[in-house]
Amino acid sequence: MDRLFDYTSHFNRLLETSTNSTDNSGDNTTATTETTQTEILQTTCQIYVSIYMILFILFIFLRPKFPRLYNIKQSNEKLNTPIAQESYGHLAWIFKTFQFNYDEIASQCGMDAVTTIRLLELGVKLSCVAVVNSIYLMPIYKFTGVGGSEEEGISDPVMEVSLSNLSQGSNSIYATTMAAYIFFGSAMYLIANDFSWFISLRHKFLSQRRVQNYTIYLSGLPKELQSNHAIREYFTHCFSHHDSDIVADVQLAVKIPKLEKKVGKRDKILPKLEHAINLRDVKGKIPEHRKVPNLDNPKLMLCGGEKVESIPEWMEELEELNDEIGREIDRIEELQEQRRGGDDGEDDVVKSLVLDKKVGSSSNEEDDEDVEVGVSKETTPLQNTTRSSVPTSVSGTVNLLSGTITGTANLMSDTVVSGATMGATMVKSIITGSEDGAPRNAAFVSFSSVTYANLARQAVHNKEAWSCVAMEPPLPELVNWRNVGKSNHSRQGGELLSSVLTFLLCITWTVPVGFFASLGNVSRLTEVLPFLAEPVQKYDWFSALLAQLAPLILVAFVTLLPHFLLLFSKLEGLIEVESMQHHSLMSKLASFTIIQTFFISTIASTLFRSLQGIVRNPASAFRIVAEALPAQAAYLIQIIIIQNLLSMGLELLRLTPGVTDLLRRIVAKMLGHNLTEKERNETFLGLRSLDDPLEFYFGRELGQKTVLIQMVMFVYVCMSPITSYFTLFVFTALVIGFRNQFIYIYPIANDSGGKLWISFTKISIVCMIVAELILFAVILLKGALIPAFLLLPLIAASIMFDAYFKKRHFTITKFLPVGECALVDSQNEGDESLKELLKGSYLQPALKERTKGVSTNDNPTSGKSEEIDHALAIGGTGEQSRSSSGEIVDDDIFYQAVDEET
């Protein structure tokens with residue numbers, strides 16, 4: 001107990017006995033008193049498995065009593081799903097959740113939910129294969145090995161059933177080679193089966209009526225394509241010369257920083273105004289606040305100012321912002337119409353892109369006209385705007401009348417030239433970015449046919465490498481608009497910087513991780529911190545406490561890692577909102593975990609410890625390393641038990657969401673933010689309501705925890721077969737727990753559509769090959785040359801397996817086959833609702849709502865409704881509008897808090 005996580009002491013014992021056994025065997029008597037792997041695993045199970053079981057039993061009894069906490073989808077109409085209608089009994093839910101098939105879970109819980117469950121079930125299957133292998137491996141290791149002989153110094157039951165127990169060059173190692181073929185062969189077979197399952201499920205997802213399945217994201221647009229009309233004409237010409245309806249919608253991204261600022265200001269006013277109206281309607285109180293010159297400056301708000309009634313003040317400000325935003329949107333739409341150009345310009349655009357010709361090079365006369373009005377064709381994508389300001393019919397009329405009605409012609413000519421000059425000035429301001437509405441070099445194009453969308457997504461649209469690059473877009477609500485239209489140089493530079501920072505973090509992370517890992521060795525800790533020696537010797541419980549806290553501190557420290565990597569991911573210029581769900585973060589996190597856990601914390605530390613014994617006795621170098629590597633299994637088993645079982649117990653019991661909801665209720669009641677159903681159910685001051693559940697971060701779970709369990713399983717189930725029993729238990733607990741959570745708790749949000757499964761599977765195959773190489777090295781170090789070289793065909797087969805699936809399988813998951821596309825299009829033929837769904841779906845949020853009104857008493861109202869007129873009337877009557885008690889409420893503190901939260 002007092003040496004719970006002192007795994008390094010056992011390694012030191014092995015080193016000392018290996019070097020001194022021939023000279024002084026008496027030293028082994030002292031060494032055998034050190035903590036063994038068996039004791040470490042026993043104590044770990046007694047503590048952490050017991051905690052998990054207690055939490056699980058509490059969950060079983062509390063689940064039926066608190067449905068709002070443990071079945072959110074049933075109690076919340078917005079999140080309600082058919083498979084969550086029935087919660088079932090105390091234990092019946094375990095069996096019932098396995099009755100729902102994958103299609104039901106995918107459609108009602110999301111692709112990421114069903115693929116995560118499938119990956120965990122793959123771990124269960126592979127663990128079962130490893131358990132079967134252990135039936136013959138463990139007896140072979142125990143009875144054909146050196147056993148508990150003092151000469152080898154091994155008297156640990158766990159070590160006796162591991163590869164470390166076999167002597168150098170033992171023939172029993174052939175069993176290890178055979179187990180490797182069975183286990184890794186089963187892994188490749190199961191992964192291949194999962195590929196077939198995933199491709200079918202992925203194609204069902206791609207055939208659904210989702211806007212992203214009918215839309216492409218085009219980046220790196222050339223200037224002649226930087227208008228909605230030009231893009232529409234380009235795709236119409238490419239796919240059909242006569243059917244203009246194939247393109248359902250085009251949304252060219254524009255720069256609108258000023259408009260977005262005004263919309264943000266309006267969004268800050270609305271919650272304050274809604275609460276003020278609720279306060280008046282529900283409690284009959286008239287809220288007041290101090291009016292300051294600039295509401296955007298919190299420092300000025302603290303200086304005080306004239307007190308005014310809140311409702312009329314904010315209503316007036318809301319009306320002004322609605323008018324300004326409406327006028328700005330109208331102006332931007334007018335500019336987009338001007339960029340449309342004339343018919344000649346449309347033909348030139350098509351020729352320039354389809355026939356590889358430049359636009360507008362017909363005559364020098366036209367170039368001179370453009371220069372005369374201040375716009376150059378070579379520098380502006382809006383070359384037809386000026387020409388449209390001077391229509392050809394008007395120019396012809398002026399020339400016709402110039403000989404007979406000179407005065408009238410001069411007047412008309414001056415007017416037209418003046419208007420053209422003004423239009424040119426406006427165009428130049430848009431191009432230079434001084435006004436909102438300047439086009440970005442990216443657009444979202446939605447097609448009325450899923451066939452055309454797939455063809456456009458796979459096609460090469462320009463001979464330049466990074467021009468007109470088409471890709472699958474994220475969901476409209478997940479578009480990261482600040483990165484839309486970023487240049488390729490900026491994105492590539494961001495990706496390079498992100499990779500460099502990740503590499504540097506991986507190196508520097510070793511120092512704190514090594515320090516926290518060393519806390520498990522109490523004797524070494526007292527050497528570094530001498531003041532701990534006395535309490536450790538005096539109190540056994542203190543020594544045990546230090547040893548037990550070590551892995552907890554390490555796991556807690558590692559939880560900070562995703563936040564650092566998320567900051568690095570934001571440098572890459574991703575068009576999807578960066579979150580713990582993103583597959584880019586998952587790949588970084590998984591790679592980081594594998595490198596840190598195995599190549600640094602495990603293998604490198606093992607080699608470093610072995611150097612002492614190698615220096616003393618070079619002849620024993622291979623045997624020392626071969627024994628030390630399998631001995632790391634106990635430490636890694638500890639980590640996966642603490643990291644997964646403890647977190648799963650807390651996940652099921654939902655302590656954090658329950659406590660957060662309770663705090664939100666208390667704070668909301670204190671600040672009066674519980675007047676309506678909407679206020680009672682929404683997140684307030686960062687405190688999330690149970691009716692507004694947080695999404696589940698699949699990327700973080702897979703990249704930080706699941707990949708570690710899988711790597712431990714791949715590396716150690718053949719060298720230390722007892723590992724398979726722990727991975728089987730952990731994977732089973734995760735499958736049961738997450739099936740319940742995905743079905744009853746977590747909503748579909750930020751669903752990657754299965755991309756996380758693709759990234760994780762790529763990493764899994766690499767982990768499998770690395771594990772085979774490690775096993776090959778260990779067997780080679782054990783002096784068993786023939787069993788080691790017999791593994792080479794298995795390693796070669798795994799590498800070919802990886803190469804085979806990379807050729808076509810991953811590509812197939814990206815696109816829907818043409819035959820299935822045609823079937824989907826035939827079902828949608830004549831359905832106008834699809835076009836309505838696509839229309840404006842990828843319009844920038846700031847351009848969507850010209851006016852926005854308050855939503856009071858759970859009923860939304862427009863900006864000029866009776867509710868607003870009533871509020872303005874109240875504001876104008878002053879004293880006459882007060883409540884019967886004459887009370888006026890000063891909500892300065894509350895509104896300041898709302899400002900900070902917004």
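Predicted model: local features only at pLDDT ≥ 70, side-chain atom pairs only at ≥ 80, totals over all residues.
Residues are numbered from 1 along each chain as its sequence is written, and side-chain values use heavy atoms, without hydrogens or water.

I checked the burial of Met 188: its relative accessibility is 12%, so it counts as buried (under 20% relative accessible area; exposed is over 50%, partly exposed in between; 1.4 Å probe, protein chains only). Leaving out residues up to four places away in sequence, I listed its contacts as Met 768, Leu 794, Ala 797, Ser 798 and Phe 801 (heavy atoms within 4.5 Å). Ile 765 is 577 residues from Met 188 in sequence, yet the C-alpha atoms are 8.4 Å apart.

Next I took helix α33 (residues 698-716) against helix α35 (residues 755-781): the angle is about 25 degrees and the axes are 10 Å apart. Axes are lines fitted to C-alpha atoms over the stretch in contact, with angles from 0 to 180 degrees between N-to-C directions. The two helices are therefore roughly parallel (under 35 degrees; over 145 is roughly antiparallel, 65 to 115 roughly perpendicular, the rest oblique). Among the contact residues I noted Phe 698 and Leu 702 of α33, and Phe 760 and Met 768 of α35.

For the whole protein I recorded 42 helices and 9 strands. Buried residues are 53% of the 902.

How values were computed
Helix = DSSP H or I, 4+ residues; strand = E, 2+ residues; numbered from the N terminus.
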